[in-house]
Amino acid sequence: MNAITALPKFELPTIFVIFGVTGDLVKKKILKALYHLYRKKRLPARFRVYGFSRRDYDDEKLQTYLREIMESQKYKDPEQFDAFLAAFYYVKGDFSTKSAYEDLAKTLGRIDGEWSICSNKLFYLAVPPASYSDIVTNLHNSGLTEPCSPEEGWTRVILEKPFGTDLTTALELDTQLGTLFKEEQIYRVDHYLGKETVKNILVFRFSNSFLTPSWNKNYIEKIEVRLLEYLDVQGRGDFYDKVGALRDVGQNHMLQLLGLFIMDHPYKFIPEDIKNKRSEALASLHIMDASEVGKKTFRGQYNGYLQEKGVYPKSQTETYFRIVARSDLPDFDGVPLILESGKALEREMIEVVVTFKETPLCLYGIEGEQKNTLHYHIRPDEKITMKFFAKKPGFSNETAEHELGFDYNKAYSKELFVDDYESLLFDIIRGDQTLFVSTQEILSEWKFIEPIIKTWRNQNIPQLIEYEKGKNIEIKS
Ligand code: BG6
């Protein structure tokens, strides 16, 4: 074995190919994540990035374009920009043109020759899903995703949600990916799983024994997952109108969060067990019929949405929804699992609230409800708070609600935090699939939401309600 192949796998030279390098995802997330990893010396010492796009750019123009993004977004340590950007190269091509992939394969082969090693290769599809099929087919046919050998030079393909637009298209995509690649090569990104607070959910639940006995239907009254945003569709009307709130954030981020809150303890803390338990939790969601959809769901649209650019003037697309779901998991049977999300609301708040049942035997006669709640704040606050009751000082037996809490931002320096995409990219490089979504999870998510969307769209049940932009919606449980 020569000196280079003896390197630990993570240290092997790695080539990143990013499809859609001039698109929004790179601008908003991927570039920053790569740069942070670079600054923190978390990228392999030898790496290159090939940006693939249709624009008439060359290497220099790509680097200038990326530098402008880094400057305008005020990335830290500008003295490192040059060295970082020097690793970027440009490939001009249409995603459906076979020859562009063949040329890329030759280029990457040449680099491997120069480096005298079969490098690792990572293909990031930062493009709209309509291009997935062309790209994965061409990657496979050009041999680009063929690893050199089982030991050397892995290849990985990264895709972003949405995975399909319904159950049928999700299955089609899955079948195609399964034909072209091995499961260990496929990384399906749901960026919520990479958030610092979300990565903590299982640690919090399973490292604190006081929670274990009460984490079930005997003690929990309901669980609410909220993803409330004050921003509207922000010029993305064309995309959003075809999707709607439930498919945009419900089918993925929110169900993933719910899964983490209700899943059983994994046998071991290893990727396979964690993913299996998460998947079982999602598969346990009760599939509603039309009459249940009428009773258990609510949908709204903010006023002014129809005037958004790209939105069909008579659109019935929901910008808000609330769904009372339930699970067949023995521990959560009968517990309302509430999913609520909307755009253009009064507050920005992404959280999961677990409400515990009222204490049956209370020491003091207390007026009103006395229920403990656990607030798991994901964004913008990053904290966990527990509401509890204590006796007020003095002669009376009055009680008052108080709060126990842990705030990430107070407990830890900001420097220690890792962004969602940074965390996910790091895991892709080191080959840890725990925070990536499996096919089974995606299919269970679609199975759960599809009947709801069909009833909304085809039967207009329940009717779409208009709500005022910038105001919160109050619905009784
Ligand atoms: C995206 C949705 O997946 O998630 C957006 O398309 C939504 O509509 C966003 O605003 C929320 O993610 P984050 O990381 O900003 O909470």
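Asp 24 and Lys 28 sit 4 residues apart in helix α1 (residues 24-39), which means that about one helical turn separates them; helices here are DSSP runs of H or I with at least four residues, strands are runs of E with at least two, and both are numbered from the N terminus. The two residues form a salt bridge whose closest N and O atoms are 3.2 Å apart, a salt bridge being a side-chain nitrogen of Lys or Arg within 4 Å of a carboxyl oxygen of Asp or Glu. The model is predicted, so local features need pLDDT of at least 70 and side-chain atom pairs count only at pLDDT 80 or more, while totals for chains, interfaces and linings use all residues. Residues are numbered from 1 along each chain as its sequence is written, and side-chain values use heavy atoms, with hydrogens and water left out.

**Salt bridges**

- Side chains of opposite charge can pair when their charged atoms come close.
- The structure holds 33 salt bridges, among them the one formed by Asp 24, a residue that counts as partly exposed at 45% relative accessibility (buried means under 20% relative accessible area, exposed over 50%, and partly exposed in between, with a 1.4 Å probe and protein chains only).
- Arg 188 forms a salt bridge with Asp 174, with the closest N and O atoms 3.7 Å apart; because Arg 188 lies in strand β6 (residues 186-189) and Asp 174 in helix α6, the pair ties together parts that are 14 residues apart in sequence.
- Within this pair, Arg 188 is buried at a relative accessible area of 3%, whereas Asp 174 is partly exposed at 21%.
- Arg 457 and Glu 318 form a salt bridge with their closest N and O atoms 2.8 Å apart, and since Arg 457 belongs to helix α14 (residues 439-459) and Glu 318 to the loop between β8 (297-302) and β9 (320-325), parts that are 139 residues apart in sequence are tied together.
- Arg 457 is partly exposed at 31% relative accessibility, while Glu 318 is buried at 0%.

**Annotated binding site**

- An unreviewed UniProt entry lists Arg 54, Asp 94, Phe 95 and Lys 161 under "binding site"; such positions are given in the numbering used here, feature names are shortened, and annotations may be inferred rather than shown by experiment.
- Phe 95 lies in the loop between β3 (88-92) and α4 (98-115) and is buried, with a relative accessible area of 7%.
- Beyond its neighbours within four places in sequence, Phe 95 is in contact with residues including Phe 19, Phe 52, Arg 54 and Tyr 101, where contact means heavy atoms within 4.5 Å.
- Lys 161 is found in the loop between β5 (155-160) and α6 (167-180), and, leaving aside neighbours within four places in sequence, Lys 161 is in contact with Tyr 132, Val 189, Asp 248, Asn 252 and His 253.

**Ligand surroundings**

- The residues around the ligand include Lys 161, His 191, Tyr 192, Asp 248 and Arg 379, a residue being counted if one of its heavy atoms lies within 4 Å of the molecule.
- A polar side-chain atom of Lys 161 lies 2.9 Å from an oxygen atom of the ligand.
- For Lys 195, an N or O atom in the side chain is 2.7 Å from a ligand oxygen atom, and a polar side-chain atom of Glu 229 lies 2.6 Å from an oxygen atom of the ligand.

Methods
Polar contact = N/O pair within 3.5 Å; in protein donor to acceptor, adjacent residues only side chain to side chain.
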